[in-house]
Amino acid sequence: MPPKGRTTSLAERNEIGEQWEAGQKDPEIAAAMGLRVWTVRKWRRKYAKEGRAGLASRMGRPASGALGQFPLEIRDTIREMRKDYSGWGPLTIRTELEDDPRFAGLRLPSRSRIAVFLKQEGLTRKYERHSKLPQTQAADPQRAHEEWEMDAQGVVKVSGLGSVSVINISDLFSRVKVDSLPCLGTSHPSTLDYQLVLRRSFANYGLPERISLDHDSVFYDNTSPSPFPSMLHLWLIALGIDVRFIEKKPPAEHSVIERGHQTVTQQAIAGQTFTDGMALQVNLAKRLDFLNTRFPSRSLDGQAPLVAHPEARHSGRPYRLEWEEAMLDMQHVYNYLAHARWFRRASSPGQFTLGAQRYGVGKDFANRTLEITFDAQTRELICLSDDGRQEIRVPVRGLTDSTLMGDLGPLVAQPVYQLALPFSRSTWREMMITNDLTGTTL
């Protein structure tokens with residue numbers, strides 16, 4: 001370790017450059033010369049960029065600047081730290097300076113002044129503003145079908161089928177196991193898979209008032225600090241169903257569906273072999289009926305869910321596949337979006353992405369962060385510049401009932417629909433949907 005306050009001479013700096021040109025690495029040069037790696041790296045970079053002319057010390061301080069009253073070596077060290085360790089913030093850099101023997105006994109800049117200096121040098125990280133999606137508050141349900149919990153279990157190895165992920169839905173109040181859907185060959189069911197199991201659940205039990213979900217990417221844009229609702233989320237809102245995202249990890253929340261995963265697996269899958277997905281689905285339906293009508297539940301004083309709560313056989317809000325297009329109320333979607341806001345940074349050509357749709361706002365907004373809201377009356381996105389002085393409106397894209405319906409639209413629109421052979425995963429899903437269509441013949 002070099003002595004405290006150690007500085008380098010011009011000859012040493014030249015030697016650093018020469019050793020670097022000879023193929024030596026920074027740590028090797030530092031060890032050979034008794035210098036810190038920080039010091040070697042600084043002068044090696046200056047040598048590479050400016051040659052020998054850049055190795056002379058610059059005395060004095062700049063006329064202005066956030067750290068103009070501090071030695072040049074401190075400023076250079078802060079720059080080097082941030083460039084080499086982009087994740088280090090001002091507090092980390094301040095602490096590292098305290099531990100550096102070169103600066104022992106010297107006055108060091110405060111965390112806030114280091115932050116100002118980093119901004120002045122263009123070394124700050126881009127900060128994305130956060131916003132949350134509007135949602136109803138968590139509350140204990142007081143009646144059947146007030147809230148359903150929905151989740152996909154992790155992959156289960158099923159004899160004869162391989163990897164299967166089962167989507168389960170449970171009614172939080174009555175403990176009725178609403179439905180289970182096996183998704184073969186995937187660990188991450190798609191939006192269409194969730195729509196399938198939900199449509200079957202709606203057809204059998206009616207529409208619930210609310211559905212609670214975790215932050216899986218199918219339900220929630222978990223890649224953005226300012227998320228736009230997913231198509232599945234908007235589809236549920238259009239059907240008049242509230243969506244609530246859990247705020248605590250299980251078992252603090254979603255404990256019912258987490259226990260339900262284990263129960264369904266033990267009852268319908270464990271120790272059994274299935275020839276195809278239909279055989280597994282048939283067995284799931286059979287065991288769910290047993291669990292709902294016969295199996296004693298500890299939380300219901302030893303009664304089966306539909307025995308303890310016979311009113312849970314239907315929510316009273318009927319649903320049919322043939323009715324869905326007419327049931328979708330896009331004004332619900334527009335009103336919901338009107339209570340939200342998003343932040344997006346426009347690219348150099350003046351474009352940004354929101355809800356998987358690309359929008360152009362022009363070069364006046366290029367490289368600027370926009371605050372975006374929605375006008376429910378005109379169905380436009382209102383984009384406000386970061387200084388609040390400029391506004392532009394663009395028509396929203398991709399919000400139609402046919403888009404939200406996914407693969408159901410083509411099926412209900414045609415009097416005759418021929419499924420393709422052999423059955424693919426998508427064809428299997430279509431077959432499951434058409435089984436619930438009135439008058440369908442397969």
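User: Is the crossing of helix 4 and helix 5 left-handed or right-handed?

Analyst: This is a predicted model: local features need pLDDT of at least 70, side-chain atom pairs count only at pLDDT 80 or more, and totals for chains, interfaces and linings use all residues. Residues are numbered from 1 along each chain as its sequence is written, and side-chain values use heavy atoms, with hydrogens and water left out. A crossing is left-handed if the near helix is turned anticlockwise from the far one by less than a right angle, and right-handed if clockwise. For helix 4 and helix 5 the crossing is right-handed.

User: How many residues of the contact of helix 4 with helix 5 are charged?

Analyst: Contact means heavy atoms within 4.5 Å. Ile74, Thr77, Ile78, Met81 and Arg82 of helix 4 meet Ile93, Glu96 and Leu97 of helix 5. Ala, Val, Leu, Ile, Met, Phe, Trp, Tyr, Cys and Pro count as nonpolar, Asp, Glu, Lys and Arg as charged, and the others, Gly among them, as polar. The contact has five nonpolar residues, one polar and, as charged residues, two.

User: Why is helix 8 called oblique to helix 13?

Analyst: Helix 8 (residues 231-238) and helix 13 (residues 330-337) have axes that come within 7 Å. Their crossing is right-handed. The pair counts as oblique because of the crossing angle, which is roughly 120°.

User: How many charged residues are in the contact of helix 8 with helix 13?

Analyst: From helix 8 come His233, Leu234, Ile237 and Ala238, which meet His332, Val333, Tyr336 and Leu337 of helix 13. These divide into six nonpolar and two polar, and the charged count is: no charged residues.

User: How many of the eight residues of helix 8 are buried?

Analyst: Buried means under 20% relative accessible area, exposed over 50%, partly exposed in between (1.4 Å probe, protein chains only). Leu232, His233, Leu234, Trp235, Leu236, Ile237 and Ala238 are buried. Their cover includes helix 7 (191-205), strand 5 (210-213), strand 6 (242-245), helix 12 (324-327), helix 13 and helix 14 (401-405). Helix 8 is mostly covered, with a buried count of seven.

User: Is Leu239 buried or exposed?

Analyst: Leu239 sits in the loop between helix 8 and strand 6. Leaving aside neighbours within four places in sequence, Leu239 contacts Phe202, Leu207, Arg317, Glu324, Met327 and Leu328. Its C-alpha atom is separated by 8.3 Å from that of His332, 93 residues apart along the chain. At 5% relative accessibility, Leu239 counts as buried.

User: What class does the accessibility of Gln331 give?

Analyst: Gln331 lies in helix 13. Gln331 has 29% relative accessibility, so the class is partly exposed.

User: In strand 10, which residue is the bridge partner of Phe343?

Analyst: Strand 7 pairs with strand 10 (residues 369-375) in the antiparallel sense, over four bridges. The partner of Phe343 in strand 10 is Glu371.

User: Which residue in the turn between strand 10 and strand 11 has a positive phi?

Analyst: Strand 10 and strand 11 (residues 380-384) run antiparallel and are joined by five bridges. Thr373 has Ile382 of strand 11 as its bridge partner. The two strands form a hairpin with four residues between them, and the positive phi of about 60° belongs to Arg379.

Methods:
Axes are lines fitted to C-alpha atoms, for helices over the stretch in contact, and angles run from 0 to 180 degrees between N-to-C directions. Angles under 35 degrees count as roughly parallel, over 145 as roughly antiparallel, 65 to 115 as roughly perpendicular and the rest as oblique. Two strands pair if DSSP finds at least two bridges between them.
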